[in-house]
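Please work through the exercises below with the sequence and the structure at hand. Each task is followed by a solution in steps.

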Amino acid sequence: MPGVALYQNPHLIFASVKTGTDISKAVKALLEGKLVAIPTETVYGLAANALNPDAVASIFEAKNRPSFDPLIVHISDWDMLKPLVRQIPEAARLLAKSFWPGPLTLVLPRTPLIPDLVTSGLDTVAIRMPDHPLTLKLIRQAGKPLAAPSANPFGYTSPTTAHHVKEQLGEKVAYILDGGPSGIGIESTIVKCLDEKVEILRLGGLPVEEIEQAIGRKTDAVLTSSSQPDAPGMLSSHYNPGKKLLLGDVEHLLMLYPKKKVGLLTFCDDYTFPNIVRKVMLSEKGDLKEAARNLFAALRSFDTPEIDLIIAERVPDTGLGRAINDRLKRAAHSR
Ligand code: TXA
Ligand code: MG
């Protein structure tokens, strides 16, 4: 089923007062210490006032997230950054100027203004200026930085529509701000800038090549394994799609499991095999941006009783493809 419509207009699926585009409702909830789901260009976030420790605690509770996994703080303007960080190294300044608002999170030395719960007691804080008009307006009107992890239960696939959030966390949020489907579709690239060092802690929506071009040199490290103590959330098992996922040579895997009812995820090639129950091609024209945008919704679409097993193919390992393959690898480790 190539080209399957992965996004459905949530207004047609559920008519609920909880979901909408009412920014003042969202601001009011946030200032009362409640949780609001926010649209961003990467994935939807589960937001609380970052300066209110009780509100931040309810993020961990709602997501069932271990408290050793720190949160990203979202800002709307440069002025908001200054009180939160002690130092902005030159590379960080260059990167923020080039890519904010956008899919870049900077890890910088923090000030005591940020509650310990947000950073899990680390001496650094992760900060991002998301590129979504509704969320930028929301942060400006609330006048507070917002702590927000992806709006999914811990360990599961990140949401790229308001409807995904409603399905998994609908009961736990005061309001879901609906900004349409996320344009990029995978989480931000996390870059730690300390003194002269530039390290990629998580591959994401901003390709490493673009980062290196902006700073005019290679990064000092690209850390993607689960063992790194610096990004406690980078577990190798994450993005659980609800079914076992096998990643590799698709034809070989299809032949190995003739009795399984397979959901097939490919980049741009089509395969025919009798045990395929459903297939999704991430981008018929072989475009990595389109593939990233479709990835999480595609994984979710396989979580139905008629499928036993997901078989997935790696995409080309350059640009955004590195982040897509990283997510697929973790989904494969998750069960
Ligand atoms: O695109 C995104 O980044 C989305 C949207 C909502 O902004 N957010 C997101 O948040 O993906 P989350 O919580 O799912 O992932 C944040 C990651 C975690 O792996 C966490 O360990 C890491 O950021 N992180 C946060 N603060 C950190 C810090 N001070 N040092 C190192 N890693 C940090
Ligand atoms: Mg997440």
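Two exercises on a predicted model follow.

The model is predicted, so local features need pLDDT of at least 70 and side-chain atom pairs count only at pLDDT 80 or more, while totals for chains, interfaces and linings use all residues. Residues are numbered from 1 along each chain as its sequence is written, chains are lettered from A and ligands numbered from 1 in the order in which they are written, and side-chain values use heavy atoms, with hydrogens and water left out.

**Exercise 1.** Determine how strand S13 is enclosed and which strands pair with S13.

Step 1. Strands (E, at least two residues) and helices (H or I, at least four) are DSSP runs, numbered from the N terminus. Strand S13 covers residues 262–266.

Step 2. Buried means under 20% relative accessible area, with a 1.4 Å probe and protein chains only. Five of the five residues of S13 are buried, so the strand is largely enclosed by the rest of the structure. Val262, Leu264 and Thr266 cover one side, and Gly263 and Leu265 the other.

Step 3. Pairing requires at least two DSSP bridges between two strands. S13 pairs in the parallel sense with S14 (residues 276–281) over five bridges and with S15 (residues 309–312) over four bridges. Val262 stands opposite Ile276 in S14, and Leu264 opposite Ile311 in S15.

How values were computed
Buried means under 20% relative accessible area, exposed over 50%, partly exposed in between (1.4 Å probe, protein chains only).
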